[in-house]
Amino acid sequence: MKVVSHTNQPCERWRAGVETRMHVSAGNGAAQLCIFEQWVEPAVGAPTHWHPVEEVLTVIAGKAEMWIDEDRGVLTPGQSLVVPAHRKHGFRNVGSEMLHIQAVLASPIFEATFDGSPEMVRRWLPTIV
């Protein structure tokens, strides 16, 4: 049995104004999903991108504008957005306090392609032992 202590996972600066803590991924033994939290400063977020798998974004604290293609909405604590695979989406903090979200991807490796970038970003690959 493998137990992962979330508080022992390091925080990573994702981009200016965004801190990420990966809880579960291929890097610590997951085979089919990754789960991570992000803390996002006001007016910052994730630019439009897509994943080859489904994603669920859940607001824990704060207020987020989220979008899938041209469809936009504002989510508050206790609400989730289910993003189908291959759909362009993103979010930004539209509140005055820190936005805290949890993301779950149906892959143990984070893979995303951002608008305007020809290359896929890959994070949290399996740890080589």
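Are Phe36 and Phe110 buried or exposed? In this predicted model, Phe36 is buried, and Phe110 is buried as well.

A pair of aromatic rings is described by the distance of the centres and the angle of the planes. Three aromatic pairs were found in a search of the whole structure. One of them joins Trp14 and Phe36. This pair is stacked, with 6.1 Å from centre to centre and 15° between the planes. Trp14 belongs to strand E1 and Phe36 to strand E3, so the contact ties together parts that lie 22 residues apart in sequence. Trp14 and Phe36 are both buried. Phe36 also pairs with Phe110. Here the geometry is edge-to-face: the centres are 5.9 Å apart and the planes make an angle of 80°. Phe110 lies in strand E11 (residues 110-114) and Phe36 in strand E3, so this pair ties together parts 74 residues apart in sequence. Through these ring pairs, Trp14, Phe36 and Phe110 are linked into a cluster.

Two arginines sit over tryptophan rings. Arg123 lies over the face of Trp14, 4.3 Å from the ring centre. Trp14 therefore has a ring partner in Phe36, in a pair that ties strand E1 to strand E3, and a charge over its face from Arg123. Elsewhere, the charged end of Arg72 is placed over the ring of Trp67, at 4.4 Å from the centre of that ring.

Strand E1 (residues 11-15) and strand E2 (residues 18-24) run antiparallel and are joined by four bridges. Within this pairing, Cys11 has Arg21 of E2 as its bridge partner. E1 and E2 form a hairpin, and two residues separate the strands. Gly17, in the turn, has a positive phi of about 85°. E2 also runs antiparallel to E3, to which six bridges join it. On this side, Glu19 stands opposite Trp39 of E3. E2 is mostly covered, with five of its seven residues buried.

Strand E3 also holds Glu37. Its relative accessibility is 14%, so Glu37 counts as buried, the cut-off being under 20%. Glu37 and His6 are 31 residues apart in sequence. Their C-alpha atoms are 10.0 Å apart in space.

Empty space inside the model was considered next. Rolling a probe the size of a water molecule over the atoms shows where empty space is left. The search of the whole structure returned one cavity of 30 Å³ or more. The largest cavity holds about 90 Å³ of space. Its lining has 14 residues, of which Gln38, Ala46, His49, Glu55 and Phe91 are the closest to the centre. E1, strand E3 (34-40), strand E4 (45-50), strand E5 (55-61) and strand E9 (89-93) each supply at least two residues. E9 gives the most, with three residues. By residue class, the lining of the largest cavity divides into seven nonpolar, five polar and two charged residues.

Backbone angles in two loops also stand out. Most residues other than glycine have a negative phi, and most peptide bonds are trans. Ala43 has a positive phi, near 70°, and is not a glycine. Ala43 is found in the loop between E3 and E4. With a relative accessible area of 62%, Ala43 is exposed, because the cut-off for that class is over 50%. Asp69 also has a positive phi, of about 55°, although it is not a glycine. Asp69 sits in the loop between strand E6 (64-68) and strand E7 (71-75). Its relative accessibility is 34%, so Asp69 counts as partly exposed.

Notes: Residues numbered from 1 in each chain as written. Predicted model: local features only at pLDDT ≥ 70, side-chain atom pairs only at ≥ 80, totals over all residues. Heavy atoms only, no water. Pairing = 2+ DSSP bridges. 1 Å grid on protein atoms, 1.4 Å probe; cavity = no way out; pocket = protein on both sides within 12 Å on 5 of 7 lines; lining within 4 Å. Points joined across faces, edges and corners; volume = space filled by probe spheres on them. Nonpolar A, V, L, I, M, F, W, Y, C, P; charged D, E, K, R; others polar. Phe/Tyr/Trp six-rings, centres within 6.5 Å; stacked < 30°, edge-to-face > 60°. Buried < 20%, exposed > 50% of the residue type's maximum accessible area, 1.4 Å probe, protein only. Lys NZ or Arg CZ within 6 Å of the ring centre and 35° of its normal.
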